[in-house]
Amino acid sequence: MSARLFQRVLKEREADISAVAEEEEESDSPPAPSPARNPFDLLGDDEDNEEQEEDSVESPETIKESQPQIKTQSTTNSSNKNKSKKKKKKTKTQQPKKPEDLDSILQDLSLTPDTKPSTDPDAKPNKSASVSVLAVDPKHLKAENELKKIFGSKVVNSFQNQAGTSGTGTGTRRNNGTRRGVHNPRKSLLVSPMPNWPKWDGSLSMELIETKNGVHYFRYVHSESYNHAQEIFEAAKSANDVNSIAHILHRFPYHLDSLLTFADLFRYSGDHQAASDTVAKVLFALECAWSPLFTPLLCNSQVKFSHDTNKPLFKALFSHMRQMDRRGCHRSALEVCKLLLSLDSDDPTGSIFCIDYFALRAQEYSWLERFSEEYNKGDNSLWLFPNFAFSLPIARFYSEKDESSSTDLDVNKDKSSSLELMKQALMLHPSVLQRIVDKAPLKEAVWNEILRNVFFGSAKPGGPTLEHLINIYVERSYIIWRIPEIQGLLKSAAFAVVNLAKKNGNEARDWACVRKEAFSSDKNEYSHLMVSDFSDVIPTIPPEELQPMMMGGGGGPEMGQEFIEIPAVEQDMIPGRFRAPRDVAGRNPAIVFLESLLPWNDYGVLDREDGHGDDDDFDGGGDDGDR
C-alpha cells in the first residue's frame, strides 16, 4: 500500500472519530469556546506537522500505534491536520523542487536531456551511441506504407481489399470446389498477410548455431513432413512437372521452393501481382519460423547463405526488393537491401551493387555518404567500385543544393565537391562514360566530341571483374543519367578530365595503376551475379511458345528422366504423377502450367473409370523414349 493511500485512510478514520466525539460532547456538555491562539505559532506548527506526517507514512506498525492517541485527542489533531494541509500547499508553491535532483537521476540512468536525436541529417553521429549504418527502419520496411504516402491510404486499402476478395495467387484458388477458410493471420514485419492465406503450419523453425563477437548465427530447420515434401519437389523438378509442384502446394501451402517456382512462372507470364503475392507468402512463412533470439533489425543476427535451408530467404528478399523497386517504393527497397547486407556479410546476392541506386532514388543522400565511409567490404574501399564512384558525386551534388538553401554552410566544407568527385570517377573508370551515353541514351552532339578524345575513346575496363561490375552498374542505374542537371555535372567533369589529360598524362597513368591494383584478378570474382537480376527488363514467354497452347497442340521432343524413390507414406500426398505425363513430357513447364489453368484441361490425374491408373506411368520413364 502506498503512502498516499495510508494518509487517505488516516484522514477518513480521523473524520469518523471526530464526528463521534462531537456528538458525545454535544450530548454531555455544552460546547467550550476555542482557546485563543497566537498567529505566530503557525510558523512552528509546520515543522511539527511535517514530522507527524513522516511518522504516519513510515510503516503500518506506527499507524497502528498512533490510533489510540487519535481517539483521545481527536479534535485537536483534526484541526491541526486541516491547518497543516493548507500550510503544506503554500509551502509547495513557494518552495519547488530543485532541478538538480532530476538531472542527477537522469544522469544516473544515462538519459540526460542532451541525448535527444538530432534532426539534422548531416550531423555526425555520436560514436559511443551510434546506430549501425545497416539498421533497418521498420516503418519503411513495408511497401504499403510508402504507397499510402504516394497515393493515399484510401486507394491502397481499397486495392488490398479487392485483391483479398479476388483471391490472387496460388494459395487462394479453388481446390476440389472449396475455398480455404478466411481467418486473421498473425502480424508480420516484412509483409502484410492477406486474410485468405492459409494458417501457418509450423513446418519450419530456426535454431541458434553459435555466437561470435556479439553476433548470433542462425539457420532454418525443416520438419520431417517438410523434408518429405522437399523430396517430392526434387522429383517433380527433375521431371519438369509443374502439376506435381501445384499438388505439393495443395498439401503444403508454405513449401518455399514450390512457392518460389510459381513466383517465377507468374513473373515470366506477366502476372506481376500474383508473383508479388507468392513471394510475400514465402517471406511470411520464413518470418513465422524466426527464433525469439533472432533480431535482424538490430544488426546482431546473421543467417549464412552457405546453409541450404537459408537460401530461400535470400532469394525471396532479393525478389521482393526488385518488385518494390518496380512499384516505385524505393525507400522500402532500400530497407530490404540493408536487411540483405546485414543478414550475411559475404553479400551472396550482390546487394552492395544496387544499394546506392535505391539510396539515390529514395533521396537518402546523407545516408549514402555515411554508408560509404563506415561500411567496409574486403580490402577495397567502396568508392573504387563503379557504382559508388559515380553515385557519391550525385549524392554530393544534391547535398550541396540542400546546403545552399540552408543557413548552415560550414557543415561539409572539408569534403570534396561534387565536380571533383565526378572527375575522380571518370579518371578511375573512363570506360563507363561510353556505356552511359549508349544506354541512357545521351543524344547531344557534344558527347560525340568528348568520346572522340583519346582518353575516353581508347579506354578499356581493365579485367573481367571490373567489366562485369560496370555492366551491372549501367544496367541498374542508367535511368538516373537522364536527369538534365546530372547530365550537366557529367559534362562539366568530362571536359575537365579532357583538359587535364592533355596537360598532364602522368595523372591518367596513375589512375590506371590504381584501377589495375584494385581489380587485379584475371577471373571474374562476381560471376555468380547475373546482369539480368539487376535489370528492369523482365523476360517473358515468347509468342512462339504461346501458340501451341492456344492451338491445343503438344510440342517438343520427349526425353526420359530418372527419379528418386518417393516414400510409400507420401504417395497419397500428390494425386498426380511423380513425373511429367506423356502428353506434356519435354514441353515448357510454364506453358503446361498456363494450360492447366484452363478448366477443360486435366493433367496428371491417376484416377480412371476402373479406379486405378495405368501401370505404365510408373515404369520410370523407360518407355517414353520408344514413343
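1. Asn240 is partly exposed, at a relative accessible area of 36% (buried is under 20%, exposed over 50%, partly exposed in between; 1.4 Å probe, protein chains only). Asn240 sits in the loop between helix 8 and helix 9 (242-251). Its phi is near 55 degrees, a positive value in a residue other than glycine.

2. On the basis of these values: this is a predicted model, where local features need pLDDT of at least 70, side-chain atom pairs count only at pLDDT 80 or more, and totals for chains, interfaces and linings use all residues. Residues are numbered from 1 along each chain as its sequence is written, and side-chain values use heavy atoms, with hydrogens and water left out.

3. Asn213 also has a phi near 55 degrees, positive in a residue other than glycine. It lies in the loop between strand 1 (204-212) and strand 2 (215-222). Asn213 counts as exposed, at 83% relative accessibility. Helices (H or I, at least four residues) and strands (E, at least two) are DSSP runs, numbered from the N terminus.

4. Ala440 and Pro441 are joined by a cis peptide bond, with omega about -10 degrees. Pro441 is in the loop between helix 18 (431-439) and helix 19 (445-451). Most peptide bonds are trans, and most residues other than glycine have a negative phi.

5. Helix 8 (residues 224-238) meets helix 10 (residues 256-268) through Tyr226, Gln230 and Phe233 on one side, and Leu256, Asp257, Ser258 and Thr261 on the other. Contact means heavy atoms within 4.5 Å.
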